[in-house]
Amino acid sequence: MLKVTIWNEYKHEREYENIRRVYPEGIHGCLSSFLKEDFMVRTATFDMPEHGLTEEVLKDTDVLVIWSHALQEEFSDEVAERVRRHVLAGMGLVALHSAHFSKIMKKLLGTSMTLKWRHGDSEKLWCTCPTHPIAQGIPSPIVIPQEEMYGEYFDIPKPDDVIFTGWFSGGEVFRSGCTFTRGYGKIFYFQPGHEEYPIYYMPQIQQIIKNGVRFCVPSVAERIYPECEEMK
Ligand code: ZN
C-alpha cells in the first residue's frame, strides 16, 4: 500500500475557535480521514521535533501532502532542504492552498510564488485538462460556495499541466491545479482549502486530492539522490 505522510502546520485550528469548529481534529485530521481509505497514512505537524519530517519518515514516504500558512518563515531551512532532496530523488509532493508559499515549494520551483488574494469569494473550479489522470471522475465545474480568492498573476514556473482553473465571483481567475516535475519527483499544487471553510469535506475535492496523491507516486523503484550521482 502506498505510504502517504500528511504534514500540517496545525496553528490556526488551535488558535481560533471558528477554525477549530471547522476542523476539530486539525486539517491533517480531516485529510487523513479520507486519504486513509486508499493509502497508508501518517501525520506530522510543525511542533514535532524536526517538524516530524525526519530522514526516516521521508525515506518511508511515497507522497508527502503539505498544508502551511502562518509559520512559513519559521519552518526549518534544514528540513525544507531535506524534503527538496527527497522530491528530487523521487518522492511525490502534493502542496495544498497556502503551501504554495512554503519554503519547500519556493526551493523546488524557484520563483517568488506570489499571487493576488482576497477573503470571502466563491469559486467555480473548471477542468482545463480532462485527459489528465488527476481529472478522472471529477465533474466540471465544482462550485465552492465560500473560498478565499487566489488570483493571477501567480508567479510560478510554467507548469507541466494546468488541470484546474478557478474562477472567482470577484472576476479573477487562477491556475488552481498544476503539476510540475523536479528531478525524479512529481509535484501537484492544488489551491482550494482556505482554513475557515469546510472545503476538505467536499467529496469532489477529496477525490481530486486522492487522484493527486496517486499521480505523484514515485515512478522510480528506488530513490536516486542527486548527490550520489558522479559527474561524468
Ligand atoms: Zn487561506
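Colleague: Why is Glu148 called buried?

Modeller: Buried means under 20% relative accessible area, with exposed over 50% and partly exposed in between (1.4 Å probe, protein chains only). Glu148 has 6% relative accessibility, so the residue counts as buried. This is a predicted model, in which local features need pLDDT of at least 70 and side-chain atom pairs count only at pLDDT 80 or more, while totals for chains, interfaces and linings use all residues. Residues are numbered from 1 along each chain as its sequence is written, and side-chain values use heavy atoms, without hydrogens and water.

Colleague: What makes His97 buried or exposed?

Modeller: His97 has a relative accessible area of 1% and is therefore buried.

Colleague: How do you know which residues coordinate the zinc ion?

Modeller: Donors are N, O and S atoms within 2.8 Å of the metal (3.2 Å for Na, K and Ca); water is not among the atoms, so sites may look incomplete. His97 (NE2), Glu148 (OE) and His194 (ND1) coordinate the zinc ion at 2.0 to 2.2 Å. The spacing of these donor residues in sequence is H-x50-E-x45-H.

Colleague: What makes the radius of gyration agree with a compact globule?

Modeller: The rule, over C-alpha atoms, is 2.2 Å times the number of residues to the power 0.38. For 232 residues this gives a value near 17 Å; the protein chain has 17 Å, so the two agree.
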